[in-house]
Amino acid sequence: MLLVLSDILSAEGVKKEESRNQKYGASRSFITSRYPKHVKARCLASSVLSLQTPSPEPVSEVEEAAECEIDEGQERRKLDVSQASKLKGPEARNWFAKQFMLPEWMIDVPDRLNHDWKARPAGKRCIVVSSKGTTVSRLRNGAVLHHFPSALPSGSRKKTVPDPAQSFSVLDCIFHEQDQTYYVIDMVCWRGYSLYDCSAEFRFFWLNSKLAETGALPYVKDGLIFYNKHVLYQTGDTPLVLVWKDENSSQYVIDTDNKGHMPIQQQVVFELQEDGKLPTSDDPPVVFGCLDGDFIQKSGLLSASLLRFSIRDGGLTIVDGKLEKADLEYLGKSNRARAFADSYSKVMFQFMSRNSPLKVNDLLVSMNSSSEEDSGAHEVQMIG
């Protein structure tokens, strides 16, 4: 069930903050799987709010708890709210951009699609956080979308229900520009209770029980997100959440340029490494090509830059399910609003959409065959 935050997030309180999109945002995530999830949620909520004002008030309880270790192989360092509040511009945006659980693109239909997966609408993703009497939303690239009062716990100065001093909620939403409405697709935290370690099935149940459905509103379809019902809320790309689109479920199956036009050739974005390689955002990454050192020097390109390429007529060569060759042409630097390179699954989904798309009938065939297998497994042959 899709939940709509039309009354819960008061429309009159929504104010666009385009100037803040350039001024504030998010850095590198220093929170690992070893880090307590309830502290991670509190750190995220507090940092969202701390980054909005030049001089945030320190919160001792959060500062005490928010000590995080980075992944092994990197120098250990700690992050608390007072440090997070000092992040500006790209560093701030990068930090928040890495707090999302990001779906891979569906290039193959998973097994037991109709049993182990739950569909949610896809769209303009954002994180919505309510705490300390205000509500803030941030886009996937970490930039601030809105700053407004809401009826969420601790979401406004006007309290209808008493909330603990450290109460906060974190919601994974889709924002619909036309009617200024947030559609809740997942719940990360509610009144300080972390749901990071809960299965998607439980999170959706909790979501339905905590937020009242306010009725159907006009909504521009933009594909579907399929959640494996057992997946925990983990930040970064995960193959247990898949996004799928076709021409009937989305206006933008194939990526468009900044003018809204579909380019003749597929365009992709990769991150330039020091050795000239062009990897995807995956972990581990998939390398699509390599730039010559002389070309890099003459073009004044820097390591870690996001670069835009087109896939020429030679296309992509896949052998035994692995990329062997990509016919790329350099176009220039990517839009500065981009936070990451494209993932392998996105490149392949876009390539398939132009050549041999995965259609809804393919999903239905998989679902039907799965149902037939399950019914056959329950049949008992009687011998008499």
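These legends accompany several close-up views of a predicted model.

**View 1. The whole protein, before we zoom in.** The predicted model has ten helices and 16 strands. Of its 384 residues, 48% count as buried. Look at the contacts with a separation of 6 or more, and you will find that residues 24 or more positions apart account for 70% of them. The protein exposes about 20,000 Å², and carbon and sulfur atoms supply 50% of that area.

**View 2. Asp282, a buried acidic side chain without a salt bridge.** Asp282 sits in the loop that runs between strand 13 (277-279) and strand 14 (287-290). Which side chain of opposite charge is nearest to Asp282? That is Arg338, and it is 11 Å away. Asp282 does have polar partners to look for in this view. Its side chain makes a polar contact of 2.6 Å with the side chain of Thr280, and it also reaches the backbone nitrogen of Tyr344 at 2.7 Å. Setting aside neighbours within four places in sequence, the residues in contact with Asp282 are Asp237, Ser343 and Tyr344.

**View 3. The cis peptide bond between Asp283 and Pro284.** Stay in the loop between strand 13 and strand 14, where Pro284 is found. Here the bond joining Asp283 to Pro284 is cis, with omega at about 0°. Asp282, the subject of the previous view, has its place in this loop between strand 13 and strand 14 as well.

**View 4. Helix 7 and its buried face.** Helix 7 covers residues 200-210. Which residues of helix 7 are buried? They are Ala200, Arg203, Phe204, Trp206 and Leu207. Seen down the axis of helix 7, the buried residues fall within an arc of 160°, so they line one face of the helix. An arginine is part of this group, as Arg203 is one of the buried residues.

**View 5. Val184 in strand 8.** Val184 belongs to strand 8, which spans residues 181-190. Is Val184 buried or exposed? Val184 counts as buried because its relative accessibility is 0%, and the cut-off for buried is under 20%.

View 6. Arg112 lies in the loop between strand 2 (101-105) and helix 6 (113-116). Arg112 is partly exposed, with a relative accessible area of 36%. Lys132 is in the loop between strand 4 (125-131) and strand 5 (134-139). With 31% relative accessibility, Lys132 counts as partly exposed.

**View 7. Pro263 and its partners from elsewhere in the chain.** Pro263 is in the loop between strand 11 (236-244) and strand 12 (267-271). At 14% relative accessibility, Pro263 counts as buried. Beyond neighbours within four places in sequence, Pro263 is in contact with Asp255, Thr256, Asp257 and Arg354. How many residues separate Pro263 and Ser310 in sequence? The separation is 47 residues, with 9.2 Å between their C-alpha atoms in space.

Technical notes. Residues numbered from 1 in each chain as written. Predicted model: local features only at pLDDT ≥ 70, side-chain atom pairs only at ≥ 80, totals over all residues. Heavy atoms only, no water. Helix = DSSP H or I, 4+ residues; strand = E, 2+ residues; numbered from the N terminus. Buried < 20%, exposed > 50% of the residue type's maximum accessible area, 1.4 Å probe, protein only. Lys, Arg positive; Asp, Glu negative; His and termini not counted. Salt bridge = Lys/Arg side-chain N within 4 Å of Asp/Glu carboxyl O. Polar contact = N/O pair within 3.5 Å; in protein donor to acceptor, adjacent residues only side chain to side chain. Contact = heavy atoms within 4.5 Å. Areas by Shrake-Rupley, 256 points an atom, 1.4 Å probe, with all protein chains shown as cover. Arc of directions from axis to C-beta.
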